[in-house]
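Subject: Structure handover and findings

Dear colleague,

Please find the structure below for your review. My notes on it follow directly after.

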Amino acid sequence: MIFATIGSMLPFDRLVQVVDGWSGEHPAQEVLIQLGQGQYVPRHAKWVRMMRPLEFNQSVESCELMVAHLGMGSFITAMQAGKPVILFPRSLALGEITSDHQRQAADWLRDKPGVWVADDETALQGLLDAFCAGQLSVSPEVGSRSASNELITHVRQFIHESRGQKREHKGE
Amino acid sequence: MNRNRIKVLAIASGGGHWVQLLRLRAAFEGCDVAYASVHPASQDEVPGHRYYAFRDASRKNKLAFARVVFRMLWIILRERPDVVVTTGSAPALFCVFFGRLCGAQTLWIDSIANCQQLSHSGKKALRIAHRCVSQWPEVARNNGIEYWGGAL
């Protein structure tokens with residue numbers, strides 16, 4: 001199953017349209033799309049507006065390929081599950097997002113194993129075809145579900161120093 | 001609740017903000033933790049913890065925006081946390097602000113998505129939170145803040 005998701009906030013019809021159009025041309029492929037508040041309703045693929053988080057995680061676990069907007073939530077979820085993922089950045093110029101950080105993050109993500117960035121609709125279709133041809137078979141290494149030890153240690157330290165800070169504050 | 005435990009309020013908007021916050025859970029071990037995010041159903045992901053949902057709103061919609069601000073104040077007054085930890089976005093600034101007014105230590109961790117510059121909210125957090133860190137060494141350096149490693 002191919003699981004496509006637009007993320008959790010703003011609509012992203014461009015992604016839904018490409019994936020649905022592609023699905024129409026590949027009826028043998030099972031495709032499920034989470035489309036959020038988008039206007040475009042898929043004609044070929046199965047779809048859902050919004051899943052509960054646990055249901056969402058199950059869809060990720062049971063898919064062979066994820067297609068998502070280039071959001072950290074989608075990327076990290078795919079990585080945690082070890083699923084290959086095609087990331088399609090939202091465009092600031094088209095009003096699909098409020099800052100251009102998705103395009104900026106594209107360059108950092110595109111070289112990771114198991115991650116493919118589709119810069120436009122044609123590239124997205126091409127990558128879906130490549131998946132069908134067995135060319136996107138690399139999966140990301142299943143990552144841990146925790147932040148780096150360095151960050152965890154610093155945050156823990158910050159939290160435990162809060163006691164001392166409070167005491168000092170009261171002592172003033 | 002055990003009064004000896006440090007009370008942490010961990011708050012984030014949806015999507016990547018929330019996913020990064022969940023990856024910090026190990027740092028909260030031993031604390032009394034409450035979570036807050038935008039989807040009521042996200043409560044499923046933090047069983048056994050108090051959970052508050054809030055609605056995200058843009059500044060353009062004044063009524064919805066005011067509602068978010070009051071909701072943040074309400075959450076802080078209800079929780080009275082010792083520490084507020086957030087991975088963004090904008091609504092969490094109010095939680096940091098009210099939390100600090102009520103005596104909490106406040107930490108802003110800018111989302112890893114902001115790999116070239118600090119987010120707009122992160123720039124505001126520089127002035128509001130006790131500590132603001134970036135997950136990118138260069139972004140941290142450019143803003144004169146610390147880099148504490150990444151959420152990945």
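I begin in chain B, where B:L9 stands opposite B:V84 in β4(B). The model is predicted: local features need pLDDT of at least 70, side-chain atom pairs count only at pLDDT 80 or more, and totals for chains, interfaces and linings use all residues. Residues are numbered from 1 along each chain as its sequence is written, chains are lettered from A and ligands numbered from 1 in the order in which they are written, and side-chain values use heavy atoms, with hydrogens and water left out.

Strand β1 (residues 7–11) of chain B pairs with β4(B) in the parallel sense over four bridges. Strands here are DSSP runs of E with at least two residues, helices are runs of H or I with at least four, and both are numbered from the N terminus; two strands pair if DSSP finds at least two bridges between them. In chain B, seven strands make up an open sheet with parallel pairing, in the order β3-β2-β1-β4-β5-β6-β7. Its edge strands are β3 (50–53) and β7 (146–147) of chain B, each of which pairs on one side only.

The loop between β4 (83–86) and α3 (90–101) of chain B holds B:T87. B:T87 counts as buried because its relative accessibility is 2% (buried means under 20% relative accessible area, exposed over 50%, partly exposed in between, with a 1.4 Å probe and protein chains only). Its side chain reaches the backbone oxygen of B:H17 at 2.7 Å. Not counting residues up to four places away in sequence, B:T87 touches residues including B:I11, B:L24 and B:S111, where contact means heavy atoms within 4.5 Å.

Chain A: overall form and strands

Chain A has six helices and six strands, which follow the pattern β-α-β-β-α-β-α-β-α-β-α-α along the sequence. Its C-alpha atoms fill a box of roughly 70 × 30 × 30 Å, taken along the principal axes. Of the 172 residues of chain A, 51% count as buried. Among contacts in chain A with a separation of 6 or more, 58% come from residues 24 or more positions apart.

Strand β1 (residues 2–5) of chain A runs parallel to β2(A), joined by four bridges, and A:T5 stands opposite A:Q34 in β2(A). In a regular strand the side chains alternate between the two faces of the sheet. Strand β2 (residues 31–34) of chain A is covered on both faces: A:V31 and A:I33 on one side, and A:L32 and A:Q34 on the other, are all buried.

Chain A: A:K83

A:K83 lies in the loop between α3 (72–81) and β5 (85–88) of chain A. Is A:K83 buried or exposed? With 15% relative accessibility, A:K83 counts as buried. A polar atom of its side chain lies 2.9 Å from the backbone oxygen of A:E61. Leaving aside neighbours within four places in sequence, A:K83 is in contact with A:V60, A:E61, A:C63, A:A78, A:G114 and A:P140. A:K83 and A:Q135, 52 residues apart in sequence, are 14 Å apart in space, C-alpha to C-alpha.

The second largest pocket

The lining of the second largest pocket comprises 14 residues, of which A:S8, A:M9, A:Q37, B:H39 and B:D56 lie nearest its centre. A pocket is an open set of points on a 1 Å grid over the protein atoms alone, where a 1.4 Å probe fits, with protein on both sides within 12 Å along at least five of seven lines; lining residues have an atom within 4 Å of a point.

Kind regards

Terms used
A polar contact is a pair of N or O atoms within 3.5 Å; within protein, one must be able to donate a hydrogen and the other to accept it, and residues adjacent in sequence count only if both atoms are side-chain atoms.
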